[in-house]
Protein chains: 2
Amino acid sequence: MEKTGARKTKWVLKLKSSVTWKAIRKAISSTMKKKQQQQQHFHLTSASSMKIKPSPIRVHEGAVIKPNLRTKAKKSASHCTKSLAQLLRLPYSASDFVDRGNHMTPTNSPKENISTKWHDIHGLCNWEKKKENLLDPLQPWLRRELVKYGEFAQATYDAFDFNPLSEYCGSCRYNRHKLFEELGLTKYGYEVTKYIYAMSHVDVPRWIEKSFLNEMWSKDSNWMGYVSVSNDEESERIGRRDIVMAWRGTVAPTEWFNDLKTKLEHIDDDDQKGNIKVAKGFLSIYRSKSKLTRYNKLSASEQVMEEVKRLVRLYKEKGAQEISFTIAGHSLGGALALLNAYEAATSIPGLPICVISFGAPRVGNMAFEDKLGEIGVKILRIVVKQDIVPKLPGFIISKILHKLHVDTRVNWVYRHVGTQLKLDMFMSPYLKHESDLVGSHNLEIYLHLLDGFLCKQCKFRWNARRDVALVNKTTGMLIKELRIPQFWYQLPHKGLVLNKYGRWVKPCREPEDVPFPFCEAS
Amino acid sequence: MEKTGARKTKWVLKLKSSVTWKAIRKAISSTMKKKQQQQQHFHLTSASSMKIKPSPIRVHEGAVIKPNLRTKAKKSASHCTKSLAQLLRLPYSASDFVDRGNHMTPTNSPKENISTKWHDIHGLCNWEKKKENLLDPLQPWLRRELVKYGEFAQATYDAFDFNPLSEYCGSCRYNRHKLFEELGLTKYGYEVTKYIYAMSHVDVPRWIEKSFLNEMWSKDSNWMGYVSVSNDEESERIGRRDIVMAWRGTVAPTEWFNDLKTKLEHIDDDDQKGNIKVAKGFLSIYRSKSKLTRYNKLSASEQVMEEVKRLVRLYKEKGAQEISFTIAGHSLGGALALLNAYEAATSIPGLPICVISFGAPRVGNMAFEDKLGEIGVKILRIVVKQDIVPKLPGFIISKILHKLHVDTRVNWVYRHVGTQLKLDMFMSPYLKHESDLVGSHNLEIYLHLLDGFLCKQCKFRWNARRDVALVNKTTGMLIKELRIPQFWYQLPHKGLVLNKYGRWVKPCREPEDVPFPFCEAS
């Protein structure tokens, strides 16, 4: 970033007047545009010098490709998009998204037995092994695991009822027994054991989804995630019984990440010095409960800890030698994951705990950071360079302090924790090179970039396995040459179905999928 | 309409400057707003004096209502919307669109044998019978038939591939054998015998839908409708073998209805005086053909006439005593229906021909009107008062001439033909009382109003049978209290499906549903 005097003054001015979301947005947007222009130039010059195998038929690792079918499909593909794809040396072009036969590659990399490697994957040595960094270049087996946890977090969006015309708005659309089946995640070999609900006593804007209807399943609570556990087969493959908590976040950046509600608050009564502080809004969602509610007679914190303790006890009794607790979350979910990890590490000593967060904001102060390290929580913080949320709250303050050469190790500043894996949107040839504040925060963008990440200085992995079309599920970020509809993830007929009388009605939810407030543990 | 001097001047001024669509739109919009204010006042005052049976459980004609289920449903309905519905005495409230059991009424009125009445329905006496007007009050059996033909026309939209990312954009999504089954229209007892395609040599803006892709099923043609014929059972009920041509129109009013392309052109070489003239744009779509195309080696006109003649011959050979030809169409489709009727009446003498048009624009001049009457074509022109399209083209010119007391029976002015049935949007308690230029032209609005029409001075039929939710298929016109999503008619995941490898792809169309250019007759 250029250090012009003019800009410095601008930052300070912005700080002096009340720092608004709008102002940040504008500042970021102009910075991004410049970067983008530089990057586009870089991209075009580098594309021509790419050293990718020039074969017209790319053989994807492990894929069964019938050449004649491939040729047929290629032939019938649009000439325009094909030639563009060839020009840019993209493995996928528009014709790959038309279902023409057997030429599509499987979307998952082959499973590998990682039972001896799981400590490294779980960050025991902070993702370094004998001074070798596992993140740069990214180890293929680590990548697969990270994508797995990311997809567990993505499930909290995909199954969430966002429809304000539904009386179940804010709940999960499926019961826990069929969640993974409905979302195609049974392949990972986990079972959901409990759903977690949250409420907030602090008025945090836009974190909760509510029904427009007067009658609704809950007036206070939202489905906030789920606990799952690896089954026998998967446990054998990954070397331990893995308990996973996936926290739901917020799809788009919301203004409250940077507003006054994020002021720091004490997290722990045991912390007698009162040094350890975290953002008030996050803590409220994690800890709020009320006897008057149906789903939060216990707080989210109590619900998840109760379940984790039960599972640990259960599998110890069953003779499990090793058990781990992995907490995944995107955005707000990543923030809750840290609070969850802090609590679990203090209340279940000896349990290996790891947080995999995607686009999470800062949560606490320096003392919080130090304490997490002390109690042995391992944190992998995956961020996209262009995403604003990981820079919040305290983005501007940190920048200023840095520029003024002030030591930022003071206790009143929000701080990031753990190891960072930085992804760059401009790395992917499938994404538009446009600044998009909402799009660049989307979890599917994170998963796409993670899947294509080889190393910091490398090009996008040409044989990336994850379905590129998923990017446009709830964004419009794919280049238009791929001809994938934007924001395509939606219910048929906006949720209306034809009943037996030929009338279009909002279906009642299957009784088994109606949320049920009491103990859900299996 | 008030005849103030000021307004008169305004019209004239508008005429002198080039009359643009925008100007018309503005003028209409302001007129509508005023009307709306008047109507809203009327509606509110009249609602309180409505004399509808005040029973909380309305028994719908022929419906099986289990009171306890009904009560249960009522109980669980939103209090707010219920009380509003009660206040307005609406038979349906939001809770009726939630599928809670058996309390929904069937959507279709019971079928009645109308074999002795079909000549009246078909307009032999211009919808009058022994000086009794069948349209005011609207005869129930006539209403059912009109809705039937309207739904045949609606099918041309519902089955149309509007997706510009599809290579089949502009075609029908299903083959003719399953069209009615896919759309729930088998209940009417007709069979589709041929699909009709059209092209245009004149550059008519926005009448044709085209794929964004380079490779597409046809570069020139669009699916423009279909020929169907009543089966044995239905023929017995309606007293004759009924051949139906349903023409596709344009969903929204388009500017070309009023632009220069609508200049009058000779329709008939036999018309030696050259008096009979129709709009050039319509005629081009009806008559264009080219040997270089796949689907229009024959014009739409030739395709439909060939099929009608074949069917007439076939059923005469089979000993059918009576055969009728009914032509239905909405918007542009209504205009094509008139051209089709003109041709059919001149080339198949003695065949009873009837046009049921919905929101159709004017098509030809006075000589065209006279000729249609002379050759015995019966035309029922259903219009919604608030819809601008039936006033086009020549709306402003006709108004001016009328205001200046000039005889409008001159040959250079576009004229309406046939008998008019006028519906009023403000009549329905389910529709927003807002001016909506696009919404008020929608065929589903027409069908909703037709279904609720009793007589000019009557309130909306409280036991109307047609599904009210259909209104919001491609509009946002339903009052928000009903909680029906707006524009809800859409494919799941915008047409993407999960293939066997777990990738989201655009499905290839079933081979049986791929359009096939050659003879389709059965």
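## Terms and overall make-up

Helices and strands are named here as DSSP runs, a helix (H or I) having at least four residues and a strand (E) at least two, with numbering from the N terminus. The model is predicted, and every value below is computed from it.

On that basis, chain A comes to 14 helices and 14 strands. Of the 522 residues in chain A, 46% are buried, and among the contacts in this chain that join residues at least 6 apart in sequence, 73% link residues at least 24 apart.

Most residues other than glycine have a negative phi, and most peptide bonds are trans. Against that background, the peptide bond from A:Asp136 to A:Pro137 is cis, with omega near 0°, and A:Pro137 is placed in the loop between β3 (132-133) and α6 (140-158) of chain A. In chain B, the bond from B:Asp136 to B:Pro137 is likewise cis, with omega near 0°, and B:Pro137 sits in the loop between β3 (132-133) and α6 (140-158) of that chain.

Positive phi values are found at A:Phe487, where phi is about 45° although the residue is not a glycine, and at B:His493, a residue other than glycine whose phi is near 50°. A:Phe487 belongs to the loop between α14 (443-452) and β13 (497-498) of chain A, and it counts as exposed because it has 11 C-beta neighbours inside 10 Å, where the cut-off for exposure is 12 or fewer. B:His493 lies in the loop between α14 (443-452) and β13 (497-498) of chain B, and with 17 other C-beta atoms within 10 Å it is partly exposed.

In soluble globular proteins, nonpolar side chains tend to be buried together. The largest nonpolar core in this model has 112 residues, and those with the most contacts inside it are A:Phe282, A:Ala341 and A:Tyr446. Helix α11 (residues 332-347) of chain A supplies the largest share of this core, 10 residues. A second, separate core has 110 residues, among them B:Ala155, B:Tyr197, B:Met199 and B:Phe358.

Once its neighbours within four places in sequence are left aside, A:Ala341 is in contact with A:Ile327, A:Ile353, A:Val355, A:Leu372 and A:Val377.

## The seven-stranded sheet of chain A

An open sheet of 7 strands in chain A has the order β4-β5-β6-β9-β10-β11-β12, with mixed pairing. At its edges stand β4 (190-198) and β12 (419-423) of chain A, each with a single partner strand, so one side of each is left without a neighbour in the sheet. From one strand to the next the twist averages 15°.

Within chain A, strand β10 (residues 353-358) pairs with strand β11 (residues 378-384) in the parallel sense over 5 bridges, and A:Leu380 in β11(A) is the bridge partner of A:Ile356. Helix α11(A) lies across β5 (222-230), β6 (241-247), β9 (323-330) and β10 of chain A, running at about 155° to β9(A).

## A helix pair in chain B

Two packed helices are described by the angle between their axes and the distance between the axes. For α6(B) and α14(B) the angle is about 165° and the axes are 10 Å apart, which makes α6(B) roughly antiparallel to α14(B); the crossing in which α6(B) passes α14(B) is left-handed.

The contacts between this pair involve residues of α6(B) including B:Arg143, B:Leu146, B:Val147 and B:Tyr157, which meet a set in α14(B) that includes B:Leu443, B:Tyr446, B:Leu447 and B:Asp451.

Conventions. Residues numbered from 1 in each chain as written. Chains lettered and ligands numbered in written order. Predicted model: local features only at pLDDT ≥ 70, side-chain atom pairs only at ≥ 80, totals over all residues. Buried ≥ 20, exposed ≤ 12 C-beta atoms within 10 Å, placed from the backbone. Contact = placed C-beta atoms within 7 Å. Core = buried A, V, L, I, M, F, W, Y, C linked by C-beta atoms within 7 Å. Pairing = 2+ DSSP bridges. Axes fitted to C-alpha atoms, helices over the stretch in contact; angles between N-to-C directions. Parallel < 35°, antiparallel > 145°, perpendicular 65-115°, else oblique. Left-handed = near helix turned anticlockwise from the far one by under 90°.
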